[in-house]
Amino acid sequence: MSDARIIKVELDEATILRRNADIEQERRVAIFDRIEDNVFKPVRDFGDGYAGPYQLHLSVEEGRLIWDIRREDGSPFEILILGLGRFRRVVKDYFAICDSYYQAIRKASASEIETIDMARRGIHNEAAEILMERLEGKVEVDFATARRLFTLICVLHIKG
């Protein structure tokens, strides 16, 4: 029986160098949303028929995103390593638009906030598509899961 979903997400605390209330809220929402509703199915067959659920630990090491995928009981399942080169521009663009969005919330008109938010969602969607492409042949995820996983990837990229 398949239960191809994430039941627990952890971020490498040593990787996250800077925090503020907005970042912490994004992290909490992304993790909560992915635990509540997600599709996450590693493609490789290890011969024992295990089909989920999974725990996921994300970290960044030497410019690579490490996906430590574990079984429900916490035992190792698979480790994926993705280069971050394809994400650099979109992460930078996403940070810039998020900064504009958080500033706008404090002082801009509703229409200005809506315009910035539409741009933010567009960049987020583009990043989710890139993530789905990078995971192709490794892990199947739905679009909503890819969006929230990208948010977590961004949290790991925040520098002091």
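These legends accompany close-up views of a predicted model. Local features need pLDDT of at least 70 and side-chain atom pairs count only at pLDDT 80 or more, while totals for chains, interfaces and linings use all residues. Residues are numbered from 1 along each chain as its sequence is written, and side-chain values use heavy atoms, with hydrogens and water left out.

**View A. The cis peptide bond between Gly-52 and Pro-53.** Omega of this bond is about 5 degrees. Pro-53 is found in the loop between β2 (40-42) and β3 (54-61), strands being DSSP runs of E with at least two residues and helices runs of H or I with at least four, numbered from the N terminus.

**View B. Glu-62 in the loop between β3 and β4 (64-71).** Glu-62 is a residue other than glycine with a positive phi, near 50 degrees. Its relative accessible area of 73% makes Glu-62 exposed (over 50%; buried is under 20% and partly exposed in between, with a 1.4 Å probe and protein chains only).

**View C. The hairpin of β4 and β5 (residues 76-83).** The two strands pair in the antiparallel sense over 7 bridges, where pairing requires that DSSP finds at least two bridges between them. Arg-64 has Gly-83 in β5 as its bridge partner. Between the strands lie 4 residues, and Gly-74 in the turn has a positive phi of about 90 degrees.
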